[in-house]
Amino acid sequence: MILIFFVITPIAAAFLIGLAGRYVKNFSDSAANLTTVILFAASLYTLNLVNTCHILVYKIGGWLPPAGICVVADGLAVFMLVTVNLISLLVMIYSINYMNSYTEKWKFHALYMLMLVGMNGVIISGDLFNLYVFLELASISAYALVAFGTEASSLEAAFKYAIMGSIASLFILLGIALLYSYTSTLSMFDIAAVLAGKPRAFLINFVSVLFLAGFALKAALVPFHAWLPDAHSSAPTPVSATLSGVFIKTLGIYAMLRVFFSVIGATSNLLLVLMVLGLVSMIAGAFLAIAQNDMKRMFAYSSISQVGYIIIGLGCGSLIGIAGAAFHLFNHSIFKSLLFINSAAVESQTGSRNMDKLSGLAAKMPLTAVTSVMASLSAAGLPPLAGFWSKLIIIMALWISGHYIYALIAVLASILTLAYFLLMQRKIFFSEPNQELSGIKEAGFGFSLASIILASIIAVVGVAFPFLVNSIFVPFWNFLGV
Amino acid sequence: MSLYFLCFILFCVGLYCLLRKRNIIKIIIGLGIIEYSVNMFLILIGYRTNGRAPIFARNQEISNMVDPLPQALCLTTIVIGLSITLLVVGLAVRIYEKYGTFDITKIRRLKG
Amino acid sequence: MTVNLIILVCLILASLWTVMTRSLLRSALGLALTSIVLTILMFRLNSPLAAVFELSVCSGLISVLFISTISLTEPMSRQETLKHMKARMTRFWYLPLVIAGAGAALSLIKIPLDFRFAPRETIHDVRQILWQVRQLDLIGQIIILLSGVFGVTILFREGRKK
């Protein structure tokens with residue numbers, strides 16, 4: 001019953017904001033923040049529930065699976081729920097300050113709530129077609145949010161994203177239709193059961209290809225990544241932080257994991273394809289990131305590279321690989337949101353995102369500088385920050401399953417990550433201050449609060465990880481149910 | 001079997017239009033054609049030869065009925081397709097206002 | 001079954017005309033035509049609800065949307081159109097051969113597709129499935145429509161404060 005709450009609450013919030021946001025000043029801010037706080041609390045409560053009873057199932061309207069819809073939460077789903085709602089909470093906190101430079105910001109909050117409905121729905125849905133419906137809901141809200149600034153560049157980026165995303169959705173829908181025709185059920189568990197009883201047909205390979213293309217487009221793996229840098233760099237920064245932090249992971253990686261590992265079943269060929277895709281994204285993303293001089297574009301390419309790590313972890317197919325991938329997913333959403341918040345702070349104070357024009361901000365914006373250094377080091381995988389442990393687990397998983405070359409390349413890509421982040425830090429924060437940039441001070445309260453919370457999560461998870469690993473993480477990962 | 005194959009050809013026609021055409025409106029039309037082909041496919045997988053429409057009237061026995069679930073799915077996908085088309089056409093109009101053209105090769109302010 | 005096959009071929013021809021015609025207006029009309037042929041096919045395949053919906057939404061609403069958008073631009077001149085058509089004829093002369101070849105090859109290979117339907121006894125009415133059994137889908141699609149409309153209202157304003 002608590003599960004349906006994750007869908008209903010943001011819908012109600014969106015309706016309320018749509019009705020009253022135009023007339024009541026600051027209503028949309030407070031309603032959106034309140035909703036995300038409630039949702040985050042609910043996700044922690046669900047985590048507690050799942051820890052005791054391992055899997056939650058709720059049948060909508062009491063109809064049984066072949067035609068009726070179930071919502072399901074197992075360990076992995078709850079993990080994603082916590083991540084998504086935590087990030088959306090922090091994004092909402094700092095958009096209090098940031099969105100003031102836009103007109104009609106209640107529309108932003110209403111659409112953001114609808115996007116949250118979509119993401120939560122994708123996570124908890126136990127029915128393939130219902131997953132598609134929520135995926136479309138999240139995508140449509142995201143297309144509109146990318147175009148929120150209505151400048152020429154953001155409209156162009158939104159159009160490109162909308163077309164690419166719609167192709168991906170239609171591929172996924174065709175795959176779902178084919179699976180239905182083969183098994184005549186839509187519930188994930190039933191499909192898995194039916195498929196286990198039949199010999200593997202040619203049709204299943206075709207469906208796998210369709211799903212792979214669709215989800216890789218949604219997750220922006222390298223041959224399919226063209227939309228991501230444009231969409232991330234021209235969207236308003238809270239939207240970029242959400243897109244990069246949780247959106248592409250929920251719609252791309254989590255949905256892919258669900259479909260491949262718990263419905264169709266992963267074959268060795270599929271795992272090989274995943275590993276190659278991950279490797280290519282990891283390297284290409286890192287090299288492209290070095291060449292950028294726009295902060296947000298650099299972070300966008302860095303996202304592609306880090307998503308490559310997650311995919312390569314999944315490609316191991318072993319439990320430790322998937323656990324490392326899930327942990328890196330969490331870490332990436334934390335540090336990438338923090339980096340986007342920092343870029344928003346810098347942009348709102350100096351009016352520029354171009355790294356060649358910015359210099360010497362460390363003295364004027366000390367909090368931003370310190371938090372962004374922490375995020376960068378976590379991204380590059382330096383001990384004892386959180387990113388180090390997840391990369392270590394992924395590389396260990398690669399080594400254990402015998403992919404030595406992949407492990408080596410992953411280490412090298414990590415060094416590249418360190419290189420471009422240090423380059424960025426030196427240009428923006430730790431260089432000789434420029435005369436034009438005088439009179440700049442720390443950005444508003446929302447920025448500071450959100451970045452302090454995120455930076456302390458990075459530090460605490462990193463330092464406490466060796467102590468927590470046996471008591472919390474191992475039992476948690478053991479019932480990820482993959 | 002040949003029905004399914006033709007349906008797939010329709011999908012490919014839409015995909016060709018979407019990938020090769022330069023006009024934004026043409027691209028959106030291609031998206032529409034792909035949607036039609038998927039709707040068609042959903043109806044086809046529920047079809048049985050000599051079946052009857054799955055709408056219940058009183059005093060009718062249930063025999064050899066067309067599978068109703070794909071039809072419900074088809075209705076949902078039509079609505080989803082409508083809202084996507086709405087949004088994308090809106091984007092196209094705004095792009096035309098900003099750039100003065102529908103030609104995708106001239107709309108290149110971003111590097112991609 | 002043969003009639004269905006013929007209608008489906010007509011559908012593909014209509015879609016090809018939609019894609020290949022040079023004028024945007026004709027292309028939009030072609031989309032409406034495609035949708036009408038699709039409606040006929042859906043009626044023949046015993047799905048009246050989907051067919052009616054398709055007719056009203058796709059060939060009604062969406063055509064109006066496209067035609068009002070296209071009225072923003074000016075059409076291409078006649079000579080230009082002719083030139084383009086000739087160029088395309090010479091560019092794609094091999095396409096019919098490729099399709100015929102692929103069809104022949106596919107009929108020889110016989111891909112083992114296996115479409116067998118499990119019997120279902122429980123629910124037999126589309127309306128019941130749509131309104132009661134798959135409530136969450138219904139809520140989802142209403143919210144999707146809402147967010148689409150909302151997205152359009154976002155687009156038609158100036159985003160940044162001056």
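**Conventions.** I note that this is a predicted model, in which local features need pLDDT of at least 70 and side-chain atom pairs count only at pLDDT 80 or more, while totals for chains, interfaces and linings use all residues. Residues are numbered from 1 along each chain as its sequence is written, chains are lettered from A and ligands numbered from 1 in the order in which they are written, and side-chain values use heavy atoms, with hydrogens and water left out.

**Entry on A:Asn85.** I placed A:Asn85 in helix α3 (residues 75-98) of chain A. Helices (H or I, at least four residues) and strands (E, at least two) are DSSP runs, numbered from the N terminus. Leaving aside residues up to four places away in sequence, I listed what A:Asn85 touches: A:Phe6, A:Leu39, A:Phe40, A:Ser43, A:Leu116 and A:Asn120. Contact means heavy atoms within 4.5 Å. The side chain of A:Asn85 also reaches the backbone oxygen of A:Leu81, at 2.9 Å. An α-helix has 3.6 residues a turn, so residues three or four places apart point the same way. I also checked A:Gly308, 223 residues from A:Asn85 along the chain; their C-alpha atoms are separated by 23 Å.

**Entry on α6(A).** I recorded α6(A) as mostly covered, since 29 of its 32 residues are buried. A:Ser184 follows α6(A) and has a positive phi, near 45°.

**Entry on chains B and C.** I found that this contact takes 63 residues from chain B and 71 residues from chain C. Together the two chains bury about 6300 Å², 79% of it on carbon and sulfur atoms. Buried area is the accessible area (1.4 Å probe) that two parts lose on being put together, summed over both. I counted two salt bridges between chain B and chain C; the term requires a side-chain nitrogen of Lys or Arg within 4 Å of a carboxyl oxygen of Asp or Glu. C:Glu158 forms a salt bridge with B:Arg94, with the closest N and O atoms 3.5 Å apart. On the side of chain B that touches chain C, the elements giving two or more residues are α1 (2-20), α2 (24-46) and α3 (69-99) of chain B. Of these, α3(B) gives the most, with 23 residues.

**Entry on chains A and C.** I found 46 residues from chain A and 35 residues from chain C in this contact. Chain A and chain C bury about 3600 Å² between them, 65% of it on carbon and sulfur atoms. A:Trp63, A:Thr103 and A:Thr150 supply 15% of the area that chain A buries against chain C, more than any other three residues. I found one salt bridge across this interface. The side chains of A:Asp127 and C:Arg134 meet in a salt bridge (2.8 Å, N to O).

Notes. Polar contact = N/O pair within 3.5 Å; in protein donor to acceptor, adjacent residues only side chain to side chain. Buried < 20%, exposed > 50% of the residue type's maximum accessible area, 1.4 Å probe, protein only.
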